[in-house]
Structure formats: C-alpha cells, structure tokens
Amino acid sequence: MIRSIQKIVGGLLGWTESRSGLVSFVAPLVTHRVPRDAKWWYVFGSASLMFFSIQVVTGILLATMYAPSAAEAYQSLQYIDHQVPFGWMLRALHAWSSNAMILMVVIHMSQVFLHASFKFPRELMWMVGVLLLFCTLALAFTGQIMRWDQDAYWGLGIGAAIMDRVPVIGNQLRNVMLGGPYIGGATLSRFFALHVFVLPGLTIALIGAHMALILKNGISEMPKPGMVVDPKTYVAEYEERIKKTGVPFMPDAAQRDMVFCGLMLILVGALAAYLGPVGPSGVPNPTIIDANPRPDYAFLWIFTALALMPPQIETAVLLIAPPIVVLALLGLPLLSNRGERAPSRRPGAVISYVLIATVLGTLTWLGVVSAWSPVMNAWTSLPTPPQYLVGRTPLEMQGALVMQHSQCRNCHSLGGEGGMRGPNLDNVGSRKSWDQLVRQVQQGGGNMPAYGKNLSSAETTAVVAFMTTLRNDGAPESTIPGAMERQSSPDQAPKPVLGDAGK
Amino acid sequence: MMLFGVILAAGFLGACGKMSATDPEETVVLTGSQAALMNYAQNCSACHGAQGVNGAARQLADANYLASVGRQALISITTNGVPGGFCPGFGSNDLVNWISESDAKTVTEQIDKTRVKTVAEKNAEQFAHFVDGLLQAWGKNGAAISIPWSVRSAPAGNASSGQAVYATMCQSCHGAPGTTLASTAGSVTDPNYLRLITDQGLRSAVLFGRPDRGMPSWSGPFPNQAPDRTLSSQEISDVVAFLRSTASQKQ
C-alpha cells in the first residue's frame, strides 16, 4: 500500500519535474556555494527581498479594499483603519515595511559600495541594483500619493514644479505626470496604476535578473587588502577558492539570512503595532495651496535641499543634478572595475561615501527639525495679532482673513507666531511697495507658491492692502493708496465659493 | 511558523492597546464648554479672535448674537461654513481634537462593533456638542432680538431707500459712497470689499454691529441722531441692497 503511494507520488513528481524542470531550476539556488567568510555583511540584500515580499502581500490585501478614486480614496482609508478588523495593522505594516525596505536597500548598497563588490565581473549586478533602488524609491513616492492627503499634494506639487521647469516641453511633461494641468482624479488613477502594476512588475523582473546574476557570478568574498581584482584571472581564481573553501548557501548562509530577516520582521511588526498606520493627514483641498513640507522620510532631503538652495540656481540644479546622479551611479562599475577592493586601500571611495551620507543625513535631519518648516494649523489656530487689526478698514480686515484662509501663516509669522519658511511679515509694509507685494502674491518665487489663479483680484487687493498696513511703527496708513484704481487686474470674475471648496 | 505567531501576537498586543486610530484612553475628557473653547481656539480663533472678540471676522462671544443666530444655524455654519465667504466648513475634516464627556460616549459607541458610525455621523454629533458647549460658554442669558438675523427671513431690500439710510446713518463714519478718502471707519462701498463679504455678513454687521470695534448695532446710538433712533429690519435690508448696488454699478 505505502509502496504504491510512494510510487504514485514519485511518478507524479517525476512527471512534473520532467515537464517543468522545477527542481533543476531551484536546486542551484539552494546548493550554490558561497564564500565561507561571507558573514553577517551579506544579510541586507535578503532582508530587502523579504520586505519587498511583505509589500506584495500586504499591498494585494490593501488593493482589495482601497478605492483609487479622488472622491473615495480618503474615505476608504478611514474605512480600512476603523472598520476592517486589523485593517489599521495592515496599513501600518505596509507603511513601516516600506520604510524598512528602503533602509535595507540603502544599507545593502552601502555595503556593496564600500566593499567594492561591484567590480568585475559583477558590474551588471550593480547596475540592476541601482535600477532596483530607483524602483524602490518610485514605489515609495507613488505609495505616499495613495494616501491622497495633504502630504500627497505636497509631493505631487514639488514633482509637478520640477517637471514644469524643463525647458520647452515642461508643460507637457507636467500634464503627463498629473493627467492634466492640475492635480485631480486623473492623477490618482495614474499613480495607482504605476504603484500597483507597472512598478511592482518592473521590480519583480529586475529582482529576477539580480538573482540570476548572483547565480551566474557568485557572491563576492570579503575584501582583503592586497587581493586585487584582475578581469583576466579573477573568474578562475574565484572558482578555485569557492570550490576549496566555499560552503553551500543552504543551510550555512541561509541560516544567518533567516535569523536576521526574522529579527527585522519582529521589529517592523512591533513598530507597526505600536506606531500605527502613517496618515492620512488632512483631506486634500484643491483650492488651498498646500504648504505641508513633510514628504515621507526618503524624500525629506530633496525638500530640504530645495528649501535651502538660493532661488537663482534652483532650476539649473533641479534639471542637471538628477541625470548626473543617475549616470554616476550606473557608470560607477564601468569607471572602476579592477584593482583593490578593501576599503583601507580605497580612501577616496570611503571619503566620498562618508561625505554623501553626511550631507543626506543632515538634510533629512534638517527637514525633520527645521524651524522654517510650516506650522500647519496656523491658519485656524493662530489669531491675527489684535494690534494689527486696530483701526483697519473693512477691506484690510478682509485682507487679514485672506491671509488666514490662504494659509500664508503656515510659512510666514505675524507677531512671532506662524511658520518660519518665509520672512516674517510684521514689517512687510515698509519693506515692499504695493506693486512688489502684488507681484510676490501673484507670482510667488523663491520657494513661495504663486497664488495667481488661486486668489481673485479682490482677494489679492485685500491681502496686499492689509500688508501695506504692517509697518514698524504699528501706525496704520491713513489711506489705501489707490485701492480703488487698482482693480484693473484681468480677473473680474465673481469670487469663487471658498467656503464650499473641497466638499 | 513560529515567527508568524510572534508577529501575530505582537500585532494583537498592539491592537489591544489601540483598538483603532482613536485611542479613548489618550484623550483628555473635559466638560462641554471647556472642550468647545479648546476646539474654538484650534479651529476658529484665527479669524474670530482669541476669546471670540477682536478678530478680523465678527465677534462671536456675544450672547444676544448667538441666541439670535440660533443653535441650528450655528451647527450648519460650523459644518458647511458660510458659502461664498471665508468661513470654512469643517464638515469633511476630522479636526475636532478635544472631546467632552458626551463625545467620549460617542467614541465608545464607535468601538462597539455592532454599530459603527460614519465620519459624517460622528462629526455631526461632535459639531452639535461643540455648538452646545459654545452656547454654554458665551451664550448665557442671551436673548434673540426681534429682528430676524438670516437674510432668508429678512424683507426684500430697496437700494434707493437704502441710499437715504446710508447717507443719514452711516456716512459720517464710513464716508460718501465710492470715495476712498480717509474716513474714520474705512469704506464699505469699496467694490473689492463687497466682493469678499456675503449679504449675510453685511446684514450681521449692520444688525449686531461690531461691538469690539466701535461699530454700532441696529439699536445705535448713531452719530448726529436721536439716542433712541434705531434701525428697522426693512432699513437694514435696504442699506444692504444699497451697498450691493454700489458694487454692481462699478462693474
């Protein structure tokens, strides 16, 4: 009896194997030999893969409940958070494991860079890895858009602004990105398709290539000073050494991978349970220019760099830097594919790594703590200082209301309260003329959004009239210079219904 | 497998500590009026002034005003704002952070799995509690005045009779229509100003004045007028119609 079962099962397996070649495909994955000294340094790649798998699983579950339409996205997240059993945990896991994945990818990449594992014959592995880094970041960026809240608007706003600055085709690029001139329903559908179909598909394909290359070239040994990579002899030497001293991946190296991945899993699970899901922050309201500069951590440094850069060079840097960074990363193994691998013999590489890490770290840290970051609830919780309202005309009072309502104080302080991203406006009436104020409000500039289309001419006039009364001596201006003549601006349409916006 | 168990356990422990994104244990429980004032500070004070006075938008800490507007209209404005004006509605936001005892009950019910409230339902209740708290804090002994507050229940206005009312009752402070010359209280016929304020806003301004800024209410006293000269509901409608007409003439 048992015999015949064995026979049937064996037969079935044999049949499957002969048709699919599954075992002969998987076996090398399990048995391929890896260098004996490949210790804990090598676990980060596996951990990245594990977090990606978690993203796939939690992502599929979330996709079954998430409504990718501008009208329903926010509500559906509320629904997942509050009504689906453990829905919040699912969102939390997806969010924190995505952060963990970025972290693992970055550490993995640092290790490969510092140990110069990208040298011959693993150049292609590095390049695929760089593409995977971009895929990971793109997934994180598009993922933060899925929350469809104010942060999402901010991320998109910056992205659209960057696109807009490309010469000649800028407008078209922005339209492609947003699905129209403005952030709207089409934008969300677009990013949803990217986030759940295009990018994961691409990532899985690239991971496949990355793995195939590992099997083909083997993983590198720990670098030793004096052990030089020479493309002519390297492959033969490596194979010789692996044959002599290597160990099979299963169970030797895999054990360490599993222990580390397990620990990371527990950590991220605990983090998710303790901190809960990320966002969504406030409901996005398309009529309010959102000033929340809190993109997710991975992008905080970009934001800080933009904020600190002198406006004159911003466009140039925005357009020139990204291609340079991409080319430098991709081209690195071609520029240096032979020679020493040990960090102690490559001071230039180590110094540049430390430099880059410090700059990125500092920028991120500044993004977190910076005093110039907006105060998001300023528009509803910080009263206009009463002394700035004494003796003002009704129009100037409306100007004070425009300033609150348009969230100027998220970035600008009055009476010492408010954001510090832009200069304080306590004394702006004596610094700037009427025309300069109008231009600043309509056209923005220097990290201030252009309010042009978002404020009617009456609103612009009112807020400028209010600002002209903000002077050192605190004394109000006796008249509004030329307020009546100044409504020549093109927009004479009735005031949009602001109180109803976004409902 | 064991790993998975640990994760589940960790998740479960977290869940017990949290239940949902709103943790009732973490919220401070206050009396209705305290909670309302804190919500006011968070959501309204920027425009209506720190203590409900001396803001850019109208004074709300005024018992008779609150009584005249009425609970229902106050809830509706908190939820939907003033359409066409700068008063934002909070209906779609979850902005209410401090909850009172009665709200705490709402939140407990929300956790009760048998009956989960939608955000809209929850907000409707919280906004009602907010307005009740506000009425407790600022509306004590308030009495509704005899003249209707809402433009919808006000008589239709006549701009030309309004012009006469303006000339006698308002001009000494606000200047002749269409001038931007210095006047004590600033122009109210500036077309830009009129494009920003609603008819309701104008009616409320004339009816209740701006006590915090020296603008008289319907009951006066008005400069150069007998001390018992008051404005009627009709006169108020007329003057509002007149102010509107000055803006449309311009355009």
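**Starting from one side chain**

Modeller: The side chain to begin with is Arg244(B), which is partly exposed at a relative accessible area of 24%; buried means under 20%, exposed over 50%, and partly exposed in between, with a 1.4 Å probe and protein chains only. This is a predicted model, in which local features need pLDDT of at least 70, side-chain atom pairs count only at pLDDT 80 or more, and totals for chains, interfaces and linings use all residues, while side-chain values use heavy atoms, without hydrogens and water. Residues are numbered from 1 along each chain as its sequence is written, and chains are lettered from A and ligands numbered from 1 in the order of writing.

Arg244(B) pairs with Asp199(B) in a salt bridge, with 2.5 Å between the closest N and O atoms. The two residues come from distant parts of the chain, 45 residues apart: Asp199(B) belongs to helix H10 (residues 199-208) of chain B, and Arg244(B) to helix H11 (residues 233-250) of chain B. Helices (H or I, at least four residues) and strands (E, at least two) are DSSP runs numbered from the N terminus. Asp199(B) is also partly exposed, at 32% relative accessible area. A salt bridge here is a side-chain nitrogen of Lys or Arg within 4 Å of a carboxyl oxygen of Asp or Glu. Side chains of opposite charge can pair when their charged atoms come close.

By this rule there are seven salt bridges over all chains. One of them joins Arg241(A) to Glu221(A), at 2.5 Å from N to O. This pair too links distant parts of its chain, 20 residues apart, with Arg241(A) in helix H10 (residues 234-245) of chain A and Glu221(A) in the loop between helix H9 (185-217) and H10 of chain A. Arg241(A) is partly exposed at 24% relative accessible area, whereas Glu221(A) is buried at 7%. In chain B, Asp212(B) forms a salt bridge with Arg210(B), where the closest N and O atoms are 3.5 Å apart. Both partners are buried: Asp212(B) has 17% relative accessibility, and Arg210(B) has a relative accessible area of 14%.

Leu22(A), Val23(A), Phe25(A), Val26(A), Leu29(A) and Leu215(A) make a nonpolar patch of about 530 Å². Helix H2 (residues 22-31) of chain A gives the most to the nonpolar patch, five residues. Val26(A) is found in this helix and is partly exposed at 35% relative accessible area.

Some backbone details lie in loops. Phe120(A) and Pro121(A) are joined by a cis peptide bond, with omega about 0 degrees; Pro121(A) sits in the loop between helix H5 (87-114) and helix H6 (123-146) of chain A. Phe86(A), which is not a glycine, has a positive phi near 60 degrees and lies in the loop between helix H4 (73-82) and H5 of chain A. Gln407(A), also not a glycine, has a positive phi of about 65 degrees, and its loop runs between helix H16 (394-405) and strand E3 (413-414) of chain A. Phe86(A) is partly exposed at 41% relative accessibility, but Gln407(A) is buried at 3% relative accessible area.

As a whole, chain A has 19 helices and four strands, and 48% of its 503 residues are buried. Its average pLDDT (the predictor's confidence in each residue, from 0 to 100) is 80, and 83% of the residues score at least 70. Residues 284-293 of chain A fall below 50, and this stretch has 34 contacts in the model beyond near neighbours in sequence. Residues 474-503 of chain A are also below 50, with 63 such contacts. Where pLDDT is low, the predicted coordinates should not be read in detail.

Definitions and conventions. Patches are made of residues with over 30% relative accessible area and no salt bridge: like charges are joined within 9 Å, nonpolar side chains (Val, Leu, Ile, Met, Phe, Trp, Tyr) within 5 Å. Accessible areas come from the Shrake-Rupley method with a 1.4 Å probe; for residues, only the protein chains shown count as cover. Contact means heavy atoms within 4.5 Å.
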